[in-house]
Amino acid sequence: MQIFLFPLSAFFCLYFLGITAVSAGDGASQAQAMDSVWVAISGALVFMMQAGFAMLESGMARAKNAVNVMMKNYMDLAVGALLFWLVGYGLMFGGNPSGWIGTDHFALAYGDDWSASMLFFQVMFAATAATIVSGAMAERTSFVAYLLGACGIMALIYPVFGSWAWNEHGWLKQMGFIDFAGSTVVHSVGAWCALAGIMVLGPRLGRFGSKGEVHMIPGHNLGLVAMGGFLLWFGWFGFNGGSTLAAGAEIGPILLNTHMAGSAGAVGALLTTLAMRQPVLMAYVVNGSLGGLVAITAGCASMDVPYAVLTGFMGGIVTMFGVWALEKLRLDDVVGAVAVHGFSGVWGTIAAGLFLKGNMFDLNQVIVQLIGVAVAFVWVFLSALLMYGLLARTIGLRVSTMHEQRGLDITEHDEVGYPEFNRDAAYQREHVQQLNRL
Amino acid sequence: MQIFLFPLSAFFCLYFLGITAVSAGDGASQAQAMDSVWVAISGALVFMMQAGFAMLESGMARAKNAVNVMMKNYMDLAVGALLFWLVGYGLMFGGNPSGWIGTDHFALAYGDDWSASMLFFQVMFAATAATIVSGAMAERTSFVAYLLGACGIMALIYPVFGSWAWNEHGWLKQMGFIDFAGSTVVHSVGAWCALAGIMVLGPRLGRFGSKGEVHMIPGHNLGLVAMGGFLLWFGWFGFNGGSTLAAGAEIGPILLNTHMAGSAGAVGALLTTLAMRQPVLMAYVVNGSLGGLVAITAGCASMDVPYAVLTGFMGGIVTMFGVWALEKLRLDDVVGAVAVHGFSGVWGTIAAGLFLKGNMFDLNQVIVQLIGVAVAFVWVFLSALLMYGLLARTIGLRVSTMHEQRGLDITEHDEVGYPEFNRDAAYQREHVQQLNRL
Amino acid sequence: MQIFLFPLSAFFCLYFLGITAVSAGDGASQAQAMDSVWVAISGALVFMMQAGFAMLESGMARAKNAVNVMMKNYMDLAVGALLFWLVGYGLMFGGNPSGWIGTDHFALAYGDDWSASMLFFQVMFAATAATIVSGAMAERTSFVAYLLGACGIMALIYPVFGSWAWNEHGWLKQMGFIDFAGSTVVHSVGAWCALAGIMVLGPRLGRFGSKGEVHMIPGHNLGLVAMGGFLLWFGWFGFNGGSTLAAGAEIGPILLNTHMAGSAGAVGALLTTLAMRQPVLMAYVVNGSLGGLVAITAGCASMDVPYAVLTGFMGGIVTMFGVWALEKLRLDDVVGAVAVHGFSGVWGTIAAGLFLKGNMFDLNQVIVQLIGVAVAFVWVFLSALLMYGLLARTIGLRVSTMHEQRGLDITEHDEVGYPEFNRDAAYQREHVQQLNRL
């Protein structure tokens, strides 16, 4: 285009400086445009994780609770987005002189364009942390109490820990804690809330026999479980990749590590179930892949590929033994969320220290990682225990036995998920509606 | 890299001018590359809205019509894409000296690369407008008549109005009408077609009793409804974000507004149903979020966040009252499309004028918005009424009573959606096939 | 920004050279960042094709095999990713002095960022080739044998042919063979493996009567089929668009061609079934669109739009006649994969030669295309026949008759897909579990 500028002359030189000045500005704004594109797409992909959770959790529940699980996912996303905008984002990413809490950027009205991109992306992350809980506590938690709990997570529990680990001036961040995309900050935080929730709630009716025997309660739609797994995996490319917060060639290694770890997690779970002579259930394989993805989340940007494979593989194994251990402890986690997001998240956060490229097996780093993991557990578990305990003692956290037996779809939403396939449920619908109107 | 160029000399200065000339050219082509990437991805996301509509509408229909609804969505996309390429795009975006209609760019053979990007993106928009209709008219409209109607929308009704509002030289555009991504141009256009369609068709058998009572006809698969809601929301990030037609940092605020309005719409619908002491149905919440998304579509690029929240929140409320009002008028819209896309689209188009950043509450702007809204209604509703009326009087728009009772899957496609779960339908299949062969 | 630089002076000139040197470097790294973003997103989209295949294939199978089909898709993705990283990528894209096989880049530990992007993208392609097989061989193939077969495809059959056609120094590539995104390299390769597989396996029980009559075995969930079709179409935008391996304005024409061909394929299949007085089944329309997409895959970057429409339209027709022809030959392809990916892939590869922009109807080019197509068939079909033959003669490829009758979900995974809708299956589950434990 501007090749005609080539013949040098004083005039052209002058002219040309003006051009280049503009073009340099262009370079900066192009970089910003590119970053915006990448963060926008990544945020949209993370949004799809919400759909993935909804499918996965609904599929693992019984048909009589299919609507309720979906609704919890749909509404925590909505309520949580507004709350995180109003409060959470400021607490987490606002100016943080003490290192313990952000103090501005609440209810961002506009700010500059880039703040909006950041907030869009971070809203999706917060929703992910909150929604992890819904699956663990499924089939027996009251809709309203669940939503209030999700509000507590997105407005307080999640952003406070986030301000320690991810805020520029957070004390854990300053200490050198590595958690690139949130094995601990997002996944374990969600999982420890879930753990507190299921401890307060107690197991579903009939889940554990009086003599200690464990009863499997099969999910009603395994196609939804597989679909959920695929959507979560898909969304993870935005979750890990977008955490660069910038377009750049380092996206390639991050996505490769992510994909390899997810794959290795599925294989790890498969081999574990075979070795333990258990049937290879779909939920196991899907949870194994998710365990691998959770595990690589902390270190995806700072590991070589073989270590990512190892991290994911171990994540799959940790997940399987975690699921079985919780069962032994008579803790009823409907979808295995505590094992997938909690135990695998702990492993992944440690692995991010162990396999840190250029500084492998540095004991100091591993200790920092352990501190981060422990602090997350203490803060999140205790505050969630308090929150769910308060909810249980006030408005009630668990639905009545009759409602649990009939299913939350009819009793809380006055509808059923599949009125034509589930004749008994459809019939019961009329019945319950009459009761409700009495 | 080129830091060795630093020592200044006449020679280097010369050399360097050459470099910069190239680099400036690169800057332009890089910008174009980036725009192409963004528009490509956005188009793909808008494509997924088609899947979202298919899921949502099929889930809200009865099992006996599940295939028919999906097929209508799948085929209007295909037929419409070819027609919009042949005719619609030229009418809408071609050279438009009169301001009333485009006159070239039909059946684009190649043009330059950027035209192809534009056409790819706009084809997806046209399909969205057309497919809004399928849900409203579900469960009683003949497959062939429906497809012919979709052709009319994509080849004529939609692009003609589009040429007024979105063509560079369109008369509404010239007047200052603001509809960034199409609250009116896409969503209301689809909705007014749907309104004309359901008025010509009449309600489904059994929807309204002889004494004026309203009978709910529950959708057969609420999991599909939730999935549809998630996919539509996901696609909306491309719909609104891609309407910049360029990569840039302003994508951030647009997506943030979009997400906040969708969230607020869901909350608005939830609170409305609670306030009206209605059960919180999944369809209400999903439609509320879609109402919020429709509402923000016009003004997502020109509002501050708090106003986007307000616009979305009101969109959710407008949607709920719209659904109930249509029921009162004995108009049978199976999925609530007229309320979601029409009423909320009107509200959103007005809101884009009311809350215009830098020029809030300017009466002149609001009047222009109202003119746009009114013109859209008059043109679209009347031409669609004529079209569906002609179809009804010629090849027939509504299937026979026997076909409606048996379901359109068996009678129009000779198959059933779930042959193993719906025993009666599967049995009936054999029976109808025999009848068809007589 | 830097407009204040405008007043020329020796000092500024010096300063400014430094700036520009940096900015030129930025230009290069910005281009790389942009390419990474595009390839990352495209890879994620191709990942979703795996979900699409899982849905489509599961929906076309019977409920008793729904889990098994999904599990095969989920696990071939995982196992295959690890294998392709270890072996396949090196064979396909490694240094290739002979033109017949790559010899390095195995188990890439890190390399540079761009290699990671490439590998991420190519892993998704390999998974696509492998998973095409699962649908064709559904409902009767042992889980373990299937997975071993997928390993053979991803580690050997696919990358070897790929090294001929896509490696810089591959002999087919050198000859001028055009297959932009893999009508032959990916789709036909998958399809010829599938063809060998179903020939070794034989048809499902009851598929063909003893007197030559053909029995339709309807899929259990057509909603999943539609969803699968949408997801595959969506993923194809990444499949074809990402094959540029670079961000650029040429993405627009590629995506436009892709979309138009998919649309034309659906229309072609619709018209074919109408012309043949067959019912318009959902599987036909979806397969028609996929046939159109497969066909345009080879030539999407080198055709004008009208030829893309023609290529896709013919792809839809080829698919339909292919499906019927295989039925006549008593080959039981559950989902029509051989016709969609094989026959349509052949047509598309020839069309890429016939309609090559700037060199239309060049006989030499068409001959090169035919050579590529023939070589692919010979190599892939024979090696797959050998592989599946060996599997059949060793660990066994087909499950026992009893297992096939009961369904692979119960017998291979000890669970059922829909325990609450499929009462007989759920009941049988208890029964089979008891048998398995004896």
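This note sets out points on the arrangement of the chains, their interface, the nonpolar core, and selected residues.

1. Basis of the model. The structure is a predicted model, in which local features need pLDDT of at least 70 and side-chain atom pairs count only at pLDDT 80 or more, while totals for chains, interfaces and linings use all residues. Residues are numbered from 1 along each chain as its sequence is written, chains are lettered from A and ligands numbered from 1 in the order in which they are written, and side-chain values use heavy atoms, with hydrogens and water left out.

2. Relation of the copies. Chain B is superposed on chain A by a rotation of 120 degrees with 0.0 Å of shift along its axis, at an RMSD of 0.0 Å; these two copies are thus related as by a three-fold rotation axis. In chain B, the C-alpha nearest the axis belongs to B:Phe421, 3.5 Å from it. Superposition is by least squares on the C-alpha atoms of residues with pLDDT of at least 70 in both copies.

3. Surfaces used by the copies. Only 18% of the interface residues of chain B are also interface residues in chain A, so the copies meet through different surfaces. For chain C the corresponding share is only 19%, so here too the copies meet through different surfaces. Contact means heavy atoms within 4.5 Å.

4. Interface of chain C and chain A. Here 59 residues of chain C are in contact with 66 residues of chain A. The two chains bury about 5,500 Å² between them, 79% of it on carbon and sulfur atoms. Buried area is the accessible area (1.4 Å probe) that two parts lose on being put together, summed over both. In chain C, the residues that lose the most area to chain A are C:Tyr74, C:Glu420 and C:Phe421, together 13% of what that side buries.

5. Elements and polar pairs at this interface. Six residue pairs are in polar contact across the interface of chain C and chain A, both residues being at pLDDT 80 or more. A polar contact is a pair of N or O atoms within 3.5 Å; within protein, one must be able to donate a hydrogen and the other to accept it, and residues adjacent in sequence count only if both atoms are side-chain atoms. The elements giving two or more residues to the side of chain C that touches chain A are α1 (10–60), α2 (66–93), α3 (113–136), α7 (222–241) and α15 (423–437) of chain C. The largest share of that side, 18 residues, comes from α1(C). Helices (H or I, at least four residues) and strands (E, at least two) are DSSP runs, numbered from the N terminus.

6. Salt bridges. How many salt bridges does a search of the whole structure find over all chains? The total is 21, whereas the interface of chain C and chain A has zero. A salt bridge is a side-chain nitrogen of Lys or Arg within 4 Å of a carboxyl oxygen of Asp or Glu. A:Arg204 forms one with A:Asp332, the closest N and O atoms being 2.8 Å apart. A:Arg204 lies in the loop between α6 (183–201) and α7 (222–241) of chain A and A:Asp332 in the loop between α10 (305–328) and α11 (337–354), so the pair ties together parts that are 128 residues apart in sequence. Both A:Arg204 and A:Asp332 are buried. Buried means under 20% relative accessible area, exposed over 50%, and partly exposed in between (1.4 Å probe, protein chains only). A:Arg207 also forms a salt bridge with A:Asp332, at 2.9 Å between the closest N and O atoms.

7. Nonpolar core. The largest nonpolar core has 419 residues, and those with the most contacts inside it are A:Tyr158, B:Tyr158 and C:Tyr158. Such a core is a set of buried Ala, Val, Leu, Ile, Met, Phe, Trp, Tyr and Cys residues joined through side-chain atoms within 4.5 Å. Beyond four places in sequence, the contacts of A:Tyr158 include A:Phe84, A:Trp166 and A:Val189.

8. A:Asn287. This residue is found in helix α9 (residues 282–297) of chain A. A:Asn287 is buried, with a relative accessible area of 5%. The side chain of A:Asn287 reaches the backbone oxygen of A:Val335 at 3.1 Å.
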